[in-house]
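I opened my notebook to look up a few contacts in one chain. Here are my entries.

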Amino acid sequence: MNRQQDSEGVILTGYHLNTETKSTSINCQDEGDHIPILSRRSGHYNVHSHATNAVEKRPYSRCSSQDSLDDLSMDDYWTEVENMDKTRSNDQEQQEEVLVKVPDDGELEEEWLKEAGLSNLIGDPLADPQESIVLLSTLTRTQAAAVERRVETLKQTLRKKNKQYQVPDVRDVFGLSGAQNTKLSDNDDVPAERSENGKQDVVSDDVTNVSGNVRNHPKQDVAVSETDINLEISFSEQAVSFKEKLKNTKAQDDEDDAHLPDFKLPKDKTGTTKIGDLASQDMKKVRSLALIELTALFDAFGIEFKALKSVKSKLKESGLFGVPLTTLLEQDQKKVQGTRVPLILHKIISHIEEEGLETEGLLRIPGVATRVKTICEELEAKFYEGTFVWDSVKQHDAASLLKLFIRELPHPLLTLEYLNAFIAVQKLPTKKQQLQALNLLLLLLPEPNRGTLKALVEFLQRVINNREKNKMTLKNVAVVMAPNLFMCKGVRSKASDQQEFAVATGTANIVWLLIRYQNVLWTIPKFIVNQVRKQNMENQKKMTKERAMKKLLKKMAYDREKADKHEKNLTESDSLQGVIRVQAPQFTKVSMAIQLTEELKASDVLARFLSQESAVSIKREELSLFEIGGNIGERCLDDETYMKDLLQLNPSAEWVIKSRSR
């Protein structure tokens, strides 16, 4: 299939090999024939924005055999780019593009500190200084070093600009004194932080458990499977250890892209925490910690990314396509309460699946442009009225609608702030570290973006599951979807042809990882959950002190406190005897005392209630046991959580069975 030139399109003019490689033409062969693979390292694609500038070269021929699709998969990337550009050029209603900018020197650090929950450090009068103190007290050495670098950079930048701006000295931020008052280099650890009582706490590789006792976690040089993702130790701390090992050993080539290892999460007796399992107040803390940790991980390898900012104020306030996700979900929730994924996206996906995922070239072969445009117009007018007829929408048209919806979002699904960070992930040396960075980036996404992305990648996996018939492998799908996710309107690339090809292959690999390892990526690392628990404990100490200072006690409050104390004593007495009391307000038997054993899991607790309940209207798969209070706000437990181990981690928690909302 030869490429047609478009006066405004992106043209793939050819593939050039270096002088050491003979020019090779790829002709269509029988499906059983072997087709040679052109090395990515030995050449590049030439991409031009105007056909008039294109050099006449032999067209890059393409074989019709789907068996050779993997070999020419990057050809599909540029085909998708051309189709996207044609769609835009054929659209008579040119939408205003979102203009973006990179923050000025100093602004970047200010924005980072605000996002990290440390706006108090830049003089924000509305910020609670106590929250910053608590957050800083939970940081690891590499995390603290990341904060120290941003504060120092901001201070130096403002000094150059001759601005009178109050930025604290890093020695004040982390409580360094005496012989420690020396400038920390990029390779040094921040040795101390200041705790709530003003005393210095040594920051170490040890993890302080929520009971206040220091517990040594396993040393990083202990033999661990290369396919295990360690969630107990900070990723940035693991990166520092990795770099130290590289000094003494010969660097090995990264995994072959075609044979990605089967990464998995080791079993955790206190339960794996998935994204969506924590309450919003704890997720806010998770987000701050994830940003600090991601920055520390990138710092470990000298990788920088600059967050982009939108400078456009006028956006569509209604409709389906080209509407901000938050606006779209707000209008959707008026129709269906609790909606977390845009109704139009959900319907498009449902229609494609109802018609069958076995259509050959699904997502790769575009729909008819004029027909897709007509469908969009009809959907805008009829979707919410429920009068649009889906039966006539063909599979390839529906797939084009899905991609159009994603790329027409006024802000990228991966967000402007972190789009460059997603692209920078490919610079990390190993696939495991790339997965760790992607894991942190998913935690940073706003909830509407995260929910929509999750629905999308789950759908893409179902497409891949039918690859025997639709001929869409993991690589095919990743290559086709990459430009729709990463080519943002308003973001203009000034890269060379070779750089653009590197970005193309890099972003395709990122989408590949997002789909391939979604069961690993949509998890909150245990070390971050433990940091959240510690923050909650410190905040509780603060609240206790504040309550102790209040002397205005009324009789009703006194009685309530007395009753609460009595109930607490009963609960603590049960806990000491290895008994927990589980509440189930939706059941006939609303409360049950359960004796703990070493092997008792959350699923066993649910089974005991269900065995005595005959009239429960909620399905078993919709119910979960929740850990509430103590050192966590609220946490939905996975079925494999060992209750005795979790009780030791959070002895003051309450246990409630209820339906989960995901």
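How many salt bridges does the count come to? I found 18 salt bridges. I keep in mind that this is a predicted model.

**Entry on charged pairs**

I looked up Lys526 first. Lys526 forms a salt bridge with Asp268, and their closest N and O atoms are 3.3 Å apart. Lys526 sits in helix H19 and Asp268 in the loop between helix H6 and helix H7, so the pair ties together parts 258 residues apart in sequence. Are these two buried or exposed? Lys526 is buried, with a relative accessible area of 17%. Asp268 is buried too, at 18%.

Next I checked Arg371. Arg371 forms a salt bridge with Asp397, with 2.5 Å between the closest N and O atoms. Arg371 belongs to helix H10 and Asp397 to helix H11, so this pair ties parts that are 26 residues apart in sequence. Arg371 is partly exposed, at 34% relative accessible area. Asp397 counts as buried, because its relative accessibility is 1% and the cut-off for buried is under 20%.

Then I turned to Lys601. The side chains of Lys601 and Glu640 meet in a salt bridge of 2.7 Å, N to O. Lys601 is in the loop between strand E10 and helix H21, while Glu640 is in the loop between strand E12 and helix H22. The two are 39 residues apart. Lys601 is buried at 19%, and Glu640 is partly exposed at 38%.

I also noted a network. Salt bridges with shared partners join Arg149, Arg150 and Asp299.

**Entry on helix H16**

I asked which residues of H17 meet H16. Among them are Thr507, Ala508, Trp512 and Arg516. On the H16 side I listed several, including Leu474, Val477, Met481 and Phe486. The residues of this contact divide into 13 nonpolar, 1 polar and 2 charged. H16 and H17 pack at an angle of about 115 degrees, and their axes are 8 Å apart. Their crossing is right-handed.

I then looked at helix H11 against H16. Their axes come within 8 Å and cross at roughly 30 degrees. Leu402, Lys403, Ile406 and Arg407 of H11 make the contact with Val480, Met481, Asn484 and Leu485 of H16. By class I get 5 nonpolar, 1 polar and 2 charged residues.

**Entry on Met472**

Where is Met472? Met472 is in the loop between helix H15 and H16. Met472 counts as buried, at 0% relative accessibility. The C-alpha atoms of Met472 and Glu360 are 7.6 Å apart, though 112 residues separate them along the chain. Met472 touches residues including Gly361, Leu363, Val463 and Val477.

Note on methods: Residues are numbered from 1 along each chain as its sequence is written. This is a predicted model: local features need pLDDT of at least 70, side-chain atom pairs count only at pLDDT 80 or more; totals for chains, interfaces and linings use all residues. Side-chain values use heavy atoms; hydrogens and water are left out. Axes are lines fitted to C-alpha atoms, for helices over the stretch in contact, and angles run from 0 to 180 degrees between N-to-C directions. Helices (H or I, at least four residues) and strands (E, at least two) are DSSP runs, numbered from the N terminus. A crossing is left-handed if the near helix is turned anticlockwise from the far one by less than a right angle, and right-handed if clockwise. Contact means heavy atoms within 4.5 Å. Ala, Val, Leu, Ile, Met, Phe, Trp, Tyr, Cys and Pro count as nonpolar, Asp, Glu, Lys and Arg as charged, and the others, Gly among them, as polar. Buried means under 20% relative accessible area, exposed over 50%, partly exposed in between (1.4 Å probe, protein chains only). A salt bridge is a side-chain nitrogen of Lys or Arg within 4 Å of a carboxyl oxygen of Asp or Glu. Lists of a residue's contacts leave out its neighbours within four places in sequence.
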